[in-house]
Amino acid sequence: MVTNQSLLFAVAAMFLYAGWALLAKFATQRIPVGHAVAVTYVAGLVAVGGYLLVTDANLVRSVSGLGYALASGLFLGLGTLAYYSALDTGSAAIATSISGMYLLVTTVLAILFLDESLGSMEMAGLGLAVVAVVLLSQ
């Protein structure tokens, strides 16, 4: 279900990720990939730390939730290293388009493991996204 609030957050994420991708390309042109990723993550931790202070978040009481968050962080860290390496060695447009297809993979995983479903319009949208990435990477 899409609410106005979730739509607002999704659009904000889209623009913030676009800024991240552009600035990551600038960073990898000037400093080594590993350093760029480390500095990016420190800045991200500062942003998240500020969010936690402002929102007065409660302590986490779920061990399994922490385990999933740690595993997610490992995937994110390794994926970011791979993405920054792609930026460092090639086109930002192609690296971002191809790596952005994680959305398609996530959709398939959500169908397999979270019992989510897609209608014909969503399936058509995903198909068009694949076509777009193929065309962009030519």
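This is a predicted model: local features need pLDDT of at least 70, side-chain atom pairs count only at pLDDT 80 or more; totals for chains, interfaces and linings use all residues.
Residues are numbered from 1 along each chain as its sequence is written, and side-chain values use heavy atoms, with hydrogens and water left out.

On confidence, the mean pLDDT (the predictor's confidence in each residue, from 0 to 100) of the protein chain is 89, with 99% of its residues at 70 or more. Helix 2 (residues 33-55) has the highest mean, 93, and helix 6 (residues 120-136) the lowest, 87.

Along the principal axes, the C-alpha atoms fill a box of roughly 45 × 45 × 25 Å. Of the 138 residues, 12% are buried, where buried means under 20% relative accessible area, exposed over 50%, and partly exposed in between (1.4 Å probe, protein chains only). Counting contacts (heavy atoms within 4.5 Å) between residues at least 6 apart in sequence, 70% join residues at least 24 apart.

Two packed helices are described by the angle between their axes and the distance between the axes. For helix 1 (residues 4-30) and helix 3 (residues 63-89), the axes come within 9 Å and cross at roughly 65 degrees. Axes are lines fitted to C-alpha atoms, for helices over the stretch in contact, and angles run from 0 to 180 degrees between N-to-C directions. On the helix 1 side, W20, A21, A24, K25 and T28 take part, meeting T80, Y83, Y84, L87 and D88 of helix 3. By residue type, this contact divides into 6 nonpolar, 2 polar and 2 charged; Ala, Val, Leu, Ile, Met, Phe, Trp, Tyr, Cys and Pro count as nonpolar, Asp, Glu, Lys and Arg as charged, and the others, Gly among them, as polar.

T28, in helix 1, is buried, with a relative accessible area of 5%. Setting aside neighbours within four places in sequence, T28 is in contact with V33, A36, Y84, L87 and D88.

A few other positions are worth a look. A38 sits in helix 2 and is partly exposed at 43% relative accessible area. From A38 to L81, 43 residues apart in sequence, the C-alpha to C-alpha distance is 9.5 Å. G90 is in the loop between helix 3 and helix 4 (92-99) and counts as partly exposed at 30% relative accessibility. G90 and F15 are 75 residues apart along the chain, and their C-alpha atoms are separated by 22 Å. Finally, D115 is in the loop between helix 5 (102-113) and helix 6. D115 is not a glycine, yet has a positive phi of about 55 degrees; with a relative accessible area of 72%, D115 is exposed.

Definitions and conventions: Helices (H or I, at least four residues) and strands (E, at least two) are DSSP runs, numbered from the N terminus.
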